[in-house]
Amino acid sequence: MNHTLEHADWTKRAGLAALTRALGAENIRWVGGAVRDGLLGVAVHDVDCATLLVPNTVIERCAAAGIRTVPTGIEHGTVTALLEDGPVEVTTLRHDVSTDGRRATIRYASDWQEDAARRDFTINALYAHPLTLEIDDFFGGFDDLRARRVRFIGEPRERIAEDHLRILRYYRFQARFGAELDEAAENACAEMAATLKGLSRERIANELLALLALPDPHRTVERMQRRSVLGVILPEACTVHVAALARLIAAERNQGFAPEPLRRLAALLPPSPDVAETVAARLRLSKAQRARIVNAAERADHDADRIHALAYRTGTHFAIDRLLLSGEDARPIAAWEPPVFPLKGGEIVAQGVAAGPQVAKILQSVERRWIAEDFPDAARVRQILAEEIG
């Protein structure tokens, strides 16, 4: 872990320098994930900015400096500045007036610590001066980061009551950064788990998939299941499925496959297409996401018998999912490109077969034999066609 941001490449971005000139260095601070990850020496992509200026002033000053802005969350004080090296969310210092666990009514603030107090975890409440890079740490976030400890700011139940999604965010951050568990946070998340039912399915899905995308979230998911948190958002998952997740993660690691959150979600479900459909609908997954977990649920013991045929039928990514979930070796198809079937309906018609259903029937029959023979060349396909036509 670094003690300063002096060597963090992201702090030297030209776009950030332009934004600093436009808004004034004393009016802004870099905050949140960029500061946290910069101290950890982790690659930083997105940078967030806190400011004393109200949104209209941010927009006016950016316009004067030739920086385009988008009012992405202006009702909560957020304007996105479109910089040459990536967008930056610029948010006016805030204080929560009231919350209902899903959304907050806010008022603008003028004190950095007051803004920090409404954030979730101490490690996310570190503010860096844009020029000196001096860090303001109001709640011991630096020490928590050094100890790999994820701790709520203030009373955990109060922070969770402000936004119930913080339960899932806690587990995700703990899986990513945590070494030692914070007992107060653990107990608060377990006691308030039922409040997750009031959140939108999309928000829950996004957090769950973000957790499953981490290198090894198994111990965290296991703890969520043991403390009856996982059952609130994914009641289909039980102890046997959490164990299946552990085996999948080990298989991915041993075979050199990157973490895939949808594959891991499938591991947490019974191998039933109907269950996968139900979960996909409840979590409001996209059509592509739904197709992936449903296909994974269709895995069968015979999948490994002819893995290239499986990859041709389902697609390589889907086949890899099924093999890894079944404990099989998926490496032979990791870089395999399915061949193109070298026969068209027109060639069958040219052999004297009348256009119509019979052409499709012959085409399908030839393709089945081509797959069964492990994708021979076009010459063999013509022989198979001649045999089918008789």
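Helix α3 is followed by Gly66, whose phi is positive, near 80°. Helices (H or I, at least four residues) and strands (E, at least two) are DSSP runs, numbered from the N terminus. The model is predicted, so that local features need pLDDT of at least 70 and side-chain atom pairs count only at pLDDT 80 or more, while totals for chains, interfaces and linings use all residues. Residues are numbered from 1 along each chain as its sequence is written, and side-chain values use heavy atoms, with hydrogens and water left out.

Helix α3 spans residues 55-64, and Pro55, Val58 and Cys62 are buried in this helix. Buried here means under 20% relative accessible area, exposed means over 50%, and partly exposed lies in between (1.4 Å probe, protein chains only). Viewed down the axis of α3, the buried residues fall within an arc of 55°, so they line one face of the helix; the arc is that of the directions from the helix axis to the C-beta atoms. The face turned away from the buried side of α3 carries the exposed residues Asn56, Glu60, Ala63 and Ala64.

Helix α7 (residues 166-177) and helix α10 (residues 218-226) have axes that come within 9 Å and cross at roughly 145°. Axes are lines fitted to C-alpha atoms, for helices over the stretch in contact, and angles run from 0 to 180 degrees between N-to-C directions. The crossing of α7 past α10 is right-handed; a crossing is left-handed if the near helix is turned anticlockwise from the far one by less than a right angle, and right-handed if clockwise. Leu168, Tyr171, Gln174 and Ala175 of α7 and Thr220, Arg223 and Met224 of α10 make the contact, where contact means heavy atoms within 4.5 Å. These residues of the contact of α7 with α10 divide into 4 nonpolar, 2 polar and 1 charged. In this division Ala, Val, Leu, Ile, Met, Phe, Trp, Tyr, Cys and Pro count as nonpolar, Asp, Glu, Lys and Arg as charged, and the others, Gly among them, as polar.

The buried residues of α10 are His218, Thr220, Val221, Arg223 and Met224. The cover over these buried residues of α10 includes α7, α8 (183-191), α9 (201-212), α11 (230-233) and α12 (239-255). After α10 comes Ser228, with a positive phi near 65°. Val242 is placed in helix α12 and is buried, with a relative accessible area of 3%. Not counting residues up to four places away in sequence, Val242 touches His218, Val221, Glu222, Gln225, Leu230 and Leu268. The C-alpha atoms of Val242 and Ala147, which are 95 residues apart along the chain, are separated by 28 Å.

Most residues other than glycine have a negative phi. Leu133, not a glycine, has a positive phi of about 65°. Leu133 is located in the loop between β8 (126-128) and β9 (135-137) and is buried, with a relative accessible area of 16%. Phe375, also not a glycine, has a positive phi of about 60°. The loop between α19 and α20 holds Phe375, and Phe375 is buried at a relative accessible area of 16%.

Side chains of opposite charge can pair when their charged atoms come close. A salt bridge is taken as a side-chain nitrogen of Lys or Arg within 4 Å of a carboxyl oxygen of Asp or Glu, and by this rule the count comes to 32 salt bridges. One of them joins Arg369 and Glu387, with the closest N and O atoms 2.4 Å apart. Arg369 lies in helix α19 (residues 357-372) and Glu387 in helix α20 (residues 378-389), so this pair ties together parts that are 18 residues apart in sequence. Arg369 is partly exposed at 26% relative accessibility, and Glu387 is partly exposed with a relative accessible area of 43%.

Arg369 also meets Glu388 in a salt bridge (3.0 Å, N to O). With Arg369 in α19 and Glu388 in α20, the pair ties together parts that are 19 residues apart in sequence. Glu388 is partly exposed, with a relative accessible area of 28%. A salt bridge is likewise formed by Glu373 and Arg380, whose closest N and O atoms are 2.9 Å apart; Glu373 is partly exposed, with a relative accessible area of 34%. Elsewhere, salt bridges that share partners join Glu252, Glu260, Arg263, Arg264, Arg292 and Asp321 into one network.
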